[in-house]
Amino acid sequence: MKVMEIIGGKDLTGTIRISGAKNATVALIPAAILTDEEATICNVPEITDTDALCDILKALKVDVKRASESVVINPKDMENIEIAEEYSKKLRASYYFMGALLGKYKKAVMYFPGGCSIGARPIDLHLKGFEALGATVKNEKNKYIVEAKELKGANIYLDIASVGATINIMLAAVKAKGKTVIDNAAKEPEIVNVATFLNNMGAKISGAGTSTIKIEGVDYLHQCFHEVIPDRIEAGTYIIIGALCGSPLKIDNLIPEHLDALISKLEEIGVDLEIGTDYVITNKKDTYKSTTIKTAVYPGFPTDLQQPFTVLQTQCNGKSKTVETIWENRFMHIPYLNKLGADITVKNQTATILGPTPLKGDDVVATDLRAGAAMVAAALKAEGKTTITNVEHILRGYESIIEKLTSVGAKISLKDV
Ligand code: UD1
């Protein structure tokens, strides 16, 4: 078992470079099978979610080569084999193979995806979208068989602006006959990144980044070269860490516009920020003004930054609140923040944080990916030693986190126990 040990209370000085976005990468890798030619994706983060998707590609007899920061995918000898449960359960995003295989072969057989336990995480909207395109969906225990004689473009309205459903329907529709319109589509930057990739391969997608996406089906997709956008959630996590411990801390290679909601909240509470074209510099302050955040679909405050942001709220003066509207089980980090000295109560979907409270090192658990990021942020601020278990959650989403934080002065290490 691996644990992370952090000796906190240190100032962090220097530059952290942001990696490619996990949530774009995990869709781009499955999307690459839609061509029969070679796709090169660069700025791919070295995280265990990338490894898990490359393992699925290999199981499907796809040729995958990884060089530093890039993945070259060639599906010319690919076979449409059932994706075993041991692969699909490793991560949520394995479900993008459903849309991609359906789009390519008109048939996908795989098991219910895994991922963080942050809520029920149904995939009904994905399946409804596939059905609207002409597919039938059979569900035997945990296994899904989705197939179609022919995929035909359709008008699809999403009841919820789901990131996963928007991308999965896009993947299934790019090679369907005729035009598909997705209304109430999610608008996250990762969706734009995936649409650009598909368009570079010859797809005809317009409107990605707005709530109406139009897809004109094409017969063939060709080779392409594509770059993953910077990870806005990784960037936001380190900016929050900068507000807690920066002296000063520069977060480089990011797109500030993707972080507008976070940045405006940081400005509201009084964080010292310098925002450049592709960087943010932060300096810690002793205390901040309290605030309320409410998570929402993009461009609202990202649910994936809610947990790290709560750590900052423990250092705000007075009563702060966090309202979680996307996931029903995203407060599992709170008991551990309280163990480190925070004063937080949770009622329904709202956490109330009283601050400022000093944080002190202790043993905590990374209950999910972003809860793990919150533990790291809190441990860096806390005096003394914090030991974090279940760190595999953190390693799923943060590339070289130990090296990046060590390079700016953190005392952090990964140990086998
Ligand atoms: C993606 C992100 C995740 C982020 C989330 C919301 C990836 C790999 N993960 O997850 O980090 O927290 O967006 O920004 O990109 N829903 C349904 N039925 C469905 C699909 C979703 O009811 O078929 C509900 C979910 O339960 C949730 C909401 O819609 O309440 C949003 O989910 P969705 O946007 O689909 O999240 P993911 O794509 O799973």
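**Cavities in the predicted model**

1. In this predicted model, the largest cavity is lined by Arg-232, Glu-257, His-258, Leu-259, Asp-260, Ala-261, Leu-262, Tyr-298, Pro-299, Gly-300 and Pro-302. About 60 Å³ of space lies inside this cavity.

2. Which helix gives the most to that lining? Helix α9, covering residues 260-269, does, with 3 residues. Asp-260, Ala-261 and Leu-262 are among the residues named for the lining.

3. Sorted by class, the lining of the largest cavity has 6 nonpolar residues, 2 polar ones and 3 charged ones.

4. The structure has 3 cavities of 30 Å³ or more.

5. How do the residue classes divide in the second largest cavity? Its lining holds 5 charged residues, 2 nonpolar and 1 polar. For the largest cavity, the corresponding counts are 3 charged, 6 nonpolar and 2 polar.

6. Which domains supply the lining of the second largest cavity with at least three residues each? They are domain 1 (2-18 + 230-416) and domain 2 (22-227).

7. One residue deserves a second look in both lists.

Note on methods:
Residues numbered from 1 in each chain as written. Predicted model: local features only at pLDDT ≥ 70, side-chain atom pairs only at ≥ 80, totals over all residues. Heavy atoms only, no water. 1 Å grid on protein atoms, 1.4 Å probe; cavity = no way out; pocket = protein on both sides within 12 Å on 5 of 7 lines; lining within 4 Å. Points joined across faces, edges and corners; volume = space filled by probe spheres on them. Helix = DSSP H or I, 4+ residues; strand = E, 2+ residues; numbered from the N terminus. Nonpolar A, V, L, I, M, F, W, Y, C, P; charged D, E, K, R; others polar. Domains from an automatic or database assignment.
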